[in-house]
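This report covers selected residues and helix contacts of one model. The sequence and structure come next.

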Amino acid sequence: MKFSLSWLREHLDFTASCEEICARLNGIGLEVESVENPAEKLVGFRTAKILEAHRHPDADRLQLCRVAAGAGYEDLQVVCGAPNARAGIHVIFAPPGTYVPGLDITIKKGKIRGEESGGMLCSLRELGLGEESNGIAELPETAPIGEAYATYAELDDPVIEIAITPNRGDALSIRGIARDLAAAGIGHLKPWLTEALEGDFESPISWKSENPDCPYVVGRVIRGVKNGPSPSWLQRRLQAVGVKPISALVDVTNYLTYDLGRPLHVFDVAKLSGSTLTVTHAARETFTALDGNEYVLGTDDMVIVDDAGVQSLAGIMGGQQSGVDENTTDVFVESALFDAVRIALTGRRLAIHTDARQRFERGIDPALVRSGLEAATAMIRDLCGGEPSEITEAGELPNWKRTATLRFERLATLGGVTIPADEAVRSLEHLGFEVVERNDEEATFAVPSWRNDVASGQVLAQAVTLDENVAAKAAANVPRMEAECDLIEEVLRLYGLDAVPAVPLPQLAMVAAPAVTPLQARAALMRRICAARGMMETVGFSFVAHEDAVLFGDVPETQRLLNPIAMDLDQLRPTPLVNLARALGRNLARGLGLSGEGALFEIGPCFDFEGQHLRVAGLRGGLTAREPGQAAQEATLWDAKADLTAALTALGVPEASLSVTADAPGFYHPGRSGQVRQGPKLVLGSFGELHPRTARALGLTGTVVAFELYLDRIPQPKAKKKTPPALSALQPVRRDFAFLAGPDVEAQAVLKAVRMADRNLIQDVRLFDVFEGGSLPEGHRSLGVEVVLQPQTESLTDVGLEALSKSVEAAVLKATGATLRR
């Protein structure tokens, strides 16, 4: 919100300096963003008169001008190339040393085509004040000679810009700012009254409202007006706040928008069809606004229509078809109340930003509907002439009157400062609040019409998990509490926000809460592990094509999107592998999988019949990089298993507690995949080659392996008391065993049986060889197992090793039926 000090004086009688006003604005919560004084850019420019003008002897387009510019510049020569430079006109002169903002140069005394030039005659464009470029600026004959141009043009008028919070719609008017400053001790607020003008005839245009979002609308016809440029004082005020003057009729509405915070609109009566304007919902139609752009309106948009169609987007912008111009003689002036939420939604959807929308969506003063129309009528009649009709209206003014109660002790307990009750009451009265009832403990105030944010009755929704009794008790008191907080805020503002002490929130615990949840910490760990294994992270949508999703198992129809953001993103994904497979296909098609780069992973949500889960998924495809002595190779299922195992190990899952079963989901190769379980029921992840059918459907060639880790299923490790590790001083001993296993014997069963033979002595068990064929019976295979023995108190003897070997052999035979290969 911008305003100039001269405009502020229309509502506030003050002697304070610009610096004092800015300091007080910051103190009461109207934060100053910038202060700009146009006069500071025009230092040096002065008014002057051309005494004589002759053609330059060596240039047809240049003239030698004798110029009088006041003390020190009574008679000097200036070379000028402007076509309108002539004797007798009053002009703007820049002596040497003057900086010209429009040209970004500093004037120097010198010669032009051999003739002395002691300065420059300027246009408004060169001063940065307009777009005029057809020569130098011509001032009225009454302009004095030698006066500073900024003083003559009344440009020594600082413009202050303040930030407005969403709840302070009243501060989007210069009168509202003046009211706040007066209440804060800067000057005295001038009274504002507008005379109710009697209509000379019945309005030929009437109102009709069919939209509940417009409870009240008024208007009147003013006939016999003469539209044209507005007076210079009005143009200067609008230009100061960044509004371009258009014509007197339009400038009046813009002026009152800033002056009182009351948006208005004028229609050209000659361009309207029929005798009724209706506030209603738009149909699906196209509307050409005053900015020249076409907008496609929806049924939720509020419009003003006549018999020919939409003439205005209510509360936001008028239509080009019924806009006023220099030929307008009869106008219809509109003043209305529109719903703030409806205006905001329409403005956001259509991306239209106007001064009217800015004020309506923050709430305007309902008491100004009629008085704002009267003020506009008076200004139009003074500037453009004409005679007004009687006022026509539709609907009725809503009951905006409400009260709020302040308990004086809450200023200290909630506000943190001790303010006497009388001072608090005076502060609110200066803002327009009227005391309705008061005692020693509290006071009840009538809220003024312009403060729609105080005691508005609109409160936040309660949490659905709140106990019913607690919710009912809170709901009964929330409106009163929020209204009281509004009053406390007003008292504290005027007391001075800088004077309110900063109080830290109470400390809930001596130990700070963790910055991340355990699940978030695990996700971060998985990123490091996967990246360390040469995989690149991707981030994909949780939405995928339904045709891709069904390749990875059954998908619930309830997770099909009825209104997707794109036609090929209509299904919640069952696994991140859907996105990874498509991304891998695009990379492989561009040759990015030929140098070890075809490895991707993602950590993200997936969805199934049970709801949402967090999953780590990785995919490898293409060929590894060639190295000396080693050809490029495709990824194998063992690579995927190694990825999954590394992730589980990093999460602290004991390897001895894991088992692998050959029942991976159907999108894996049935003979080259598996599921990793902890115990018989808890599935932690899966790995293997993608099923050829799935790979072909996704356009993937070659071997593609994948793994999935169900991150939210991993049990949290139990808290253990930290003890120093038991490190043995003795060397570990390694022994190899070869077991002849039948076709139904799983390798992991053999490893488990070996490990259980002696838990204290056996530290680790690894499978290092699988052999089939040769002299072995058909269907059988030889499993080579390495056993690491770690003695703790004494070295192992041959007798001890022999006894352990027999224990291992017996344990495997009993558990699996496999025998020691002789």
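At 16% relative accessibility, histidine 546 counts as buried (buried means under 20% relative accessible area, exposed over 50%, and partly exposed in between, with a 1.4 Å probe and protein chains only). Histidine 546 lies in helix 14, residues 546–549; helices here are DSSP runs of H or I with at least four residues, strands are runs of E with at least two, and both are numbered from the N terminus. Setting aside neighbours within four places in sequence, histidine 546 is in contact with Val555, Arg560, Asp570 and Gln571, where contact means heavy atoms within 4.5 Å.

The model is predicted: local features need pLDDT of at least 70, side-chain atom pairs count only at pLDDT 80 or more, and totals for chains, interfaces and linings use all residues. Residues are numbered from 1 along each chain as its sequence is written, and side-chain values use heavy atoms, with hydrogens and water left out.

**Other buried residues**

Glutamate 484 is found in helix 12, which spans residues 468–495. With a relative accessibility of 3%, glutamate 484 is also classed as buried. Apart from neighbours within four places in sequence, glutamate 484 is in contact with Thr405, Leu406, Arg407 and Arg410.

Leucine 580 belongs to helix 15, residues 577–589, and is buried, at a relative accessible area of 0%. Leaving out residues up to four places away in sequence, leucine 580 touches Thr538, Leu600, Phe601, Glu602, Ala617, Gly618 and Leu619. The C-alpha atom of leucine 580 is separated by 9.1 Å from that of valine 539, a residue 41 residues apart from it along the chain.

**Cysteines**

How many disulfides does a search of the whole structure find? The search finds zero, a disulfide being a pair of cysteine sulfur atoms within 2.5 Å. For cysteine 530, the closest cysteine sulfur is that of cysteine 606, 15 Å away, so the two are too far apart for a bond. Cysteine 530 is buried, at 3% relative accessibility. Cysteine 485, in contrast, is partly exposed, with a relative accessible area of 36%.

**Positive phi at two alanines**

Alanine 351 has a positive phi of about 55° although it is not a glycine. Its place is the loop between helix 7 (340–350) and helix 8 (355–360). Alanine 455 likewise is not a glycine and has a positive phi of about 55°; it sits in the loop between strand 29 (442–446) and helix 12. Is each alanine buried or exposed? Alanine 351 counts as exposed, at 54% relative accessibility, whereas alanine 455 is buried, with a relative accessible area of 15%.

**Helix packing**

Two packed helices are described by the angle between their axes and the distance between the axes. Axes are lines fitted to C-alpha atoms, for helices over the stretch in contact, and angles run from 0 to 180 degrees between N-to-C directions.

| Helix pair | Axis distance | Crossing angle |
|---|---|---|
| Helix 13 (residues 518–532) and helix 16 (residues 637–650) | within 10 Å | roughly 140° |
| Helix 6 (residues 248–259) and helix 9 (residues 368–384) | within 10 Å | roughly 145° |
| Helix 18 (residues 747–757) and helix 19 (residues 798–816) | 8 Å | about 135° |

The angle of roughly 140° makes helix 13 oblique to helix 16; angles under 35 degrees count as roughly parallel, over 145 as roughly antiparallel, 65 to 115 as roughly perpendicular and the rest as oblique. Helix 13 passes helix 16 in a right-handed crossing; a crossing is right-handed if the near helix is turned clockwise from the far one by less than a right angle, and left-handed if anticlockwise. On the helix 13 side, Leu525, Met526 and Ile529 meet Ala646, Ala647 and Ala650 of helix 16. These contact residues comprise six nonpolar, no polar and no charged. In this classification Ala, Val, Leu, Ile, Met, Phe, Trp, Tyr, Cys and Pro are nonpolar, Asp, Glu, Lys and Arg are charged, and the others, Gly among them, are polar.

Helix 6 also passes helix 9 in a right-handed crossing. Helix 6 contributes Ala248, Leu249, Val252, Tyr255 and Leu256, and helix 9 contributes Gly372, Ala375, Ala376, Met379, Ile380, Leu383 and Cys384. By class, this contact has 11 nonpolar, one polar and no charged residues.

Ala749, Val750, Ala753, Val754 and Ala757 of helix 18 make the contact with Ser807, Val808, Ala811, Val812, Ala815 and Thr816 of helix 19. The contact residues of helix 18 and helix 19 divide into nine nonpolar, two polar and no charged.
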